[in-house]
2 protein chains.
Amino acid sequence: MKELSKLMGYRSDVRVVDATLRDGGLVNDFYFTDEFVKDLYHTNLKTGVDYMEFGYKAAKDMFDVDKFGKWKFCNDEDIREIVGDNNTNLKIAVMADVGRCNYKTDIVNRSESPIDLIRVATYLHTIPTAVEMIEDAANKGYEVTCNIMAISNAQEGDLREALDVLGKSPVNVFYIVDSYGSLYPEQIARIADVYCEFAEKYGKKVGMHAHNNLQLAFANTIEAVGDGVDWLDGTYAAMGRGAGNCAMELLLGFLKNPKYNVYPAIQFVEKHMKKLQAEGTVWGYDLQYLMTGLLNQHPRTAIQFTKEGRTDYSEYYKEIEAQV
Amino acid sequence: MKELSKLMGYRSDVRVVDATLRDGGLVNDFYFTDEFVKDLYHTNLKTGVDYMEFGYKAAKDMFDVDKFGKWKFCNDEDIREIVGDNNTNLKIAVMADVGRCNYKTDIVNRSESPIDLIRVATYLHTIPTAVEMIEDAANKGYEVTCNIMAISNAQEGDLREALDVLGKSPVNVFYIVDSYGSLYPEQIARIADVYCEFAEKYGKKVGMHAHNNLQLAFANTIEAVGDGVDWLDGTYAAMGRGAGNCAMELLLGFLKNPKYNVYPAIQFVEKHMKKLQAEGTVWGYDLQYLMTGLLNQHPRTAIQFTKEGRTDYSEYYKEIEAQV
């Protein structure tokens, strides 16, 4: 049983990251209106969120700029359009995927950019490239996180090796990323323990990015914070790929630091997220995501099932169960 | 951190209770078709659920039998219509609310009834009447649980006194009931600790009935089972009052006892629950339930908000926040 003090008190080291545009952008190909993005920015200023992730720094020679909204690419001038000089306490983040980002050219020095934080997303087997990207970003003056994806089917030995390598890099935060939404709180506790061991050894922080396939995104996030994880990702109305993420409004309601406010989050969800859903943008927990979660699989088949409007859930289960 | 063994192994003492008709009946005034109820019964036989709760034994001089479906009253002959002699391992349960049940006349001897288990639902301040009902049911040969509702705003001292009184009664199981869906897993752990202390002292079992206002119904249920709670309530597609319950399909996917099977649950949800939802029956997590959960209030205003089709969430928040 965790200490009550962890529930009633608060750790001033906790940082909340709004990933709505980035993970939510995976739902609507990053086509958000400027009004949406501006209101989101101002909402984050009011809720006390610490970082706002605008999207990806995707390689334009890999992804057609005419087939995605601008937050797939996060040009500095597009961010400036929203935040001006951003003379606020809210820091700006973008994600750079290993293998899908021309980081050497597309990420300029921090002193010339509105961006504060580069989040390097990697699989375990691409850690060496991730380290190069981390070094590049750190050399350019950015804060850097490393988000190790799809760890629910990683071997602990590999994970330890990766964290030991990353520990020696200039990265600031190791992120636990439950890409498949397959992990139970007990497993989060165990994984957080491993991450925290290496974070302590190398003077890093640990972060948590959860998915809601098993209706555990929020539960796993608060489990993690109870285990010593400081950086917490949320998205408004839990908008994110497939089953979605940890709902920002739940997270802000839970956190006890007086700087966080849930009411502006409720206002934003009412004005924008309910509208997106009413217009037919679909994300969030459903039976097909439960199945990929239970089977510890990538949600891509469930996303396809959803897109095709299929309702033959038990047939689908047999299809994917045979893939295990 | 809980022991890994609790995750990979299983406790043979765990019992799963399907509360779909009873808690789900609060959503549709107990108007389920006979086909639904028969399929549910046969599904429970296949999934390995231990108990199926058919509904309430409500007093007919308090509730108009023409204004509710038959599972509000659970006449023995109506249950027999579904289960025949029920020569199966699935046991039959009904709920009897303190103050809303003519238990002396409406509950006959177990030997003459298809029912196996009486679940006595009470508030803390009606424990003395609950004890009378427990004794009545036990004398008539039934297994008995006592479901203490709305404990999220109870004082621990009162709760301890109640458990000490109940411990001396012939009740078999003390139920933790998070009626408002307001409790976090850390609080569940603490409360389970208190319940288990008295359960051990008096040779009883402990049960968990969760609500999903904070998207924690499943998380709190598996937290509880990790804390030594044996009796676990679920409902298919989480159908239940307001924000709903712990989804049976999540629970069955989690439990490791080979007797439980998730596939028939998926089939039932596909055939019946998705249809109910498509026909306009509304339950489950939404922003208004998050608010009553956060504020530790009864969900009745949120249910009203939902029924009226209101979408002014932030106005509603101000209304109920002023009631605290």
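I'll start with one residue. Leaving aside residues up to four places away in sequence, Gln288(A) touches Ala302(A), Phe305(A), Thr306(A), Tyr313(A) and Tyr316(A). Before going on: this is a predicted model.

Gln288(A) sits in helix H12 of chain A. Is Gln288(A) buried or exposed? With 20 or more other C-beta atoms within 10 Å, a residue counts as buried. Gln288(A) has 25 other C-beta atoms within 10 Å, so Gln288(A) is buried. There is also a residue further back in the sequence to mention. Gly242(A) is 46 residues away from Gln288(A) along the chain, and the two C-alpha atoms are 9.4 Å apart in space.

Now the helix as a whole. Besides Gln288(A), the buried residues include Leu287(A), Tyr289(A), Leu290(A) and Met291(A). Thr292(A), Gly293(A) and Leu294(A) are also among them. What do these buried residues pack against? Within chain A, the partners are helix H13 (300-307) and helix H14 (313-321). From chain B, H10 and H11 join in. Just after H12(A) comes Asn296(A), with a positive phi of about 55 degrees.

Chain A is split into domain 1, residues 11-278, and domain 2, residues 287-321. The C-alpha centres of these two domains of chain A are 25 Å apart. Between them, 10 residues of domain 1 of chain A are in contact with 10 residues of domain 2 of chain A. On the domain 1 side, the contacting residues comprise 3 nonpolar, 6 polar and 1 charged.

On to the barrel. In chain A, 8 strands close into a barrel with parallel pairing, in the order S1-S2-S3-S4-S5-S6-S7-S8. Neighbouring strands are turned by 25 degrees against each other on average, ignoring direction. As one example of a strand pair, S4 (residues 117-122) and S5 (residues 143-148) of chain A run parallel, with 6 bridges. In that pair, Thr122(A) stands opposite Ile148(A). Helix H6 of chain A, residues 127-139, lies across S3 (91-97), S4 and S5, and runs at about 175 degrees to S4(A).

Chain B also has a closed barrel of 8 strands, S1-S2-S3-S4-S5-S6-S7-S8, with parallel pairing. There the twist averages 25 degrees from one strand to the next. S2 (residues 51-56) and S3 (residues 91-97) of chain B pair in the parallel sense over 4 bridges, and Tyr56(B) stands opposite Met95(B). H6 of chain B, residues 127-139, packs on the sheet and touches S3, S4 (117-122) and S5 (143-148) of chain B. The direction of H6 makes about 175 degrees with that of S4(B).

S1 (residues 15-18) of chain B is joined to S8(B) by 4 bridges, in parallel. Asp18(B) has Gly234(B) as its bridge partner in S8(B). S7 (residues 205-209) of chain B is joined to S8(B) by 2 bridges, also running parallel. Here Met208(B) has Leu232(B) as its bridge partner. Which way do the residues of S8(B), residues 231-234, point? Trp231(B) and Asp233(B) point one way, Leu232(B) and Gly234(B) the other, and all are buried.

Last, the two chains together. The interface has 36 residues of chain B in contact with 36 residues of chain A. Several helices of chain B each supply at least two residues to the side that touches chain A, including H1 (4-8), H8 (185-202), H9 (217-226) and H12 (287-294). H11(B) gives the most, with 6 residues. By class, this side of chain B has 22 nonpolar, 6 polar and 8 charged residues.

How are the copies related? Chain B superposes on chain A by a rotation of 180 degrees with 0.0 Å of shift along the axis, at an RMSD of 0.0 Å. The two copies are thus related as by a two-fold rotation axis. In chain B, the C-alpha nearest the axis belongs to Ala219(B), at 3.1 Å. Of the interface residues of chain B, 100% are also interface residues in chain A, so the copies meet through the same surface.

That's where I'll stop.

Methods
Residues numbered from 1 in each chain as written. Chains lettered and ligands numbered in written order. Predicted model: local features only at pLDDT ≥ 70, side-chain atom pairs only at ≥ 80, totals over all residues. Contact = placed C-beta atoms within 7 Å. Nonpolar A, V, L, I, M, F, W, Y, C, P; charged D, E, K, R; others polar. Least-squares fit on C-alpha atoms with pLDDT ≥ 70 in both. Domains from an automatic or database assignment. Pairing = 2+ DSSP bridges. Axes fitted to C-alpha atoms, helices over the stretch in contact; angles between N-to-C directions. Buried ≥ 20, exposed ≤ 12 C-beta atoms within 10 Å, placed from the backbone.
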